[in-house]
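Biologist: I've got the sequence and the model open side by side. Can you walk me through what to look at?

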Amino acid sequence: MQTIKLNNGVEMPQLGFGVYQIPLAETAEAVYQAIQAGYRLIDTASVYGNEKETGEGIKRAIDEGLVTREELFVTSKLFILQAPEAKAAETIEQSLTVMGLDYLDLYLIHQPYGDTYGAWRAMVAAQKAGKLRAIGVSNFKSAKMIEFVGLNEVKPQINQIEVNPWNQRIEDQEWHEKYGVQIEAWAPFAEGHHELFTNPVLAEIGAQYGKSVGQVVLRWLMQRGIVALAKSVRPERMAENIDVFDFELTKEDIEKIASLDMKESAFFDHDAPQQVEWFMNRMLDTEK
Ligand SMILES: NC(=O)c1ccc[n+]([C@@H]2O[C@H](COP(=O)([O-])OP(=O)(O)OC[C@H]3O[C@@H](n4cnc5c(N)ncnc54)[C@H](OP(=O)(O)O)[C@@H]3O)[C@@H](O)[C@H]2O)c1
């Protein structure tokens, strides 16, 4: 697996497996199968509600000798908290306990709301204590990322944001490269929105190499130097999505993909009032 070196020297796999929206009863098996298929980066979050099952899949793979803990790169995320500086340390401990792990390889501030600075101070302390190898943020727009780098001693190693052919984030990538913050793409397939998997431009590019639309999209992210997370509950798609290291997109292919950029989220805007309201309600639900 190709790796990327983060700004604190930690190396991470460039392609990973995400468990968002995998039904609870299927998560442990999906994680185990993903590891069997060759994935080494596993991405979950406390708010997904499946940290425990993710940990069970990891434990089974380790117990059966498929991998060692050191070969895996496990990520979880801190959801919005009303008092993160006071509660984050406890929440990190809870994630570790629930997952059955001594440390996480990456831990992210999941959403750009509330006292992200307080959360960050707690995460920096946990990183210094050896509980988190790398720390970062998620869903930060470039302006917020720049402010966050400017006002903190330790800068984020990662910003996990939506990147896919409909929302390519070309300028955002330039800003992140300038500040040494690695982009990690969520929803690389836009969860299939705008009929991604049957898009004729992507299908035609793939046909030249005997590759699927999904493989073209992931290869495009690999060539851009972006870390990508793909999710599938189907073993044949897990295998397909990781099989992207034996072909190379040309400049012409990349120009054709560039023409698909709508420069807006295929889902929602994190600054839209109704969206912020939704997140605030979600926070109240999770704090109950
Ligand atoms: N930080 C954040 O706020 C955030 C937000 C969203 C996601 N994420 C992370 O990013 C990961 C990936 O994003 P995502 O799960 O939202 O979306 P995604 O990976 O863009 O799309 C997943 C969907 O595509 C289908 N699929 C996967 N491979 C396919 C293939 N080769 N051909 C056809 N269909 C395929 C899957 O169906 P099947 O499962 O049925 O195959 C699933 O419905 C998540 O699991 C999560 O870890 C983070």
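**Strands, a helix and some rings**

Biologist: In what sense do strand β3 (residues 15–18) and β10 pair, and over how many bridges?

Modeller: Bear in mind that this is a predicted model, where local features need pLDDT of at least 70 and side-chain atom pairs pLDDT 80 or more, while totals for chains, interfaces and linings use all residues. Residues are numbered from 1 along each chain as its sequence is written, and side-chain values use heavy atoms, with hydrogens and water left out. Strands are DSSP runs of E, at least two residues, and helices are runs of H or I, at least four, both numbered from the N terminus; two strands pair if DSSP finds at least two bridges between them. Here β3 and β10 pair in the parallel sense, over 3 bridges.

Biologist: Which residue of β10 is the bridge partner of Ala185?

Modeller: Strand β9 (residues 182–186) and β10 also pair in the parallel sense, over 2 bridges. In β10, Leu15 has Ala228 as its bridge partner. For Ala185, the bridge partner in β10 is Ala228.

Biologist: Are the residues of β10 (residues 227–230) buried or exposed?

Modeller: Buried means under 20% relative accessible area, exposed over 50%, and partly exposed in between (1.4 Å probe, protein chains only). Val227 and Leu229 point one way, Ala228 and Ala230 the other, and all are buried.

Biologist: How far apart are the end C-alpha atoms of helix α1 (residues 24–37)?

Modeller: The expected span is 1.5 Å times one less than the number of residues. For the 14 residues of α1 that should give 20 Å, which agrees with its end C-alpha atoms being apart by 20 Å.

Biologist: And which residue follows α1?

Modeller: Among the buried residues of α1 are Tyr32 and Ile35, and what covers its buried residues includes β3 and α2 (51–63). After α1 comes a residue with a positive phi, near 115 degrees: Gly38.

Biologist: Are the rings of Tyr113 and Phe279 stacked, edge-to-face or tilted?

Modeller: Rings of Phe, Tyr and Trp (its six-membered ring) pair if their centres lie within 6.5 Å; planes under 30 degrees apart are stacked, over 60 edge-to-face and the rest tilted. The structure holds 11 aromatic pairs. In this one the centres are 5.3 Å apart and the planes at 50 degrees, so the pair is tilted.

Biologist: How many residues apart in sequence are the parts that this pair ties together?

Modeller: Both Tyr113 and Phe279 are buried. Tyr113 lies in the loop between β6 (104–109) and α4 (116–128) and Phe279 in helix α11 (residues 273–287), so the parts tied together are apart by 166 residues.

Terms used: Contact means heavy atoms within 4.5 Å.
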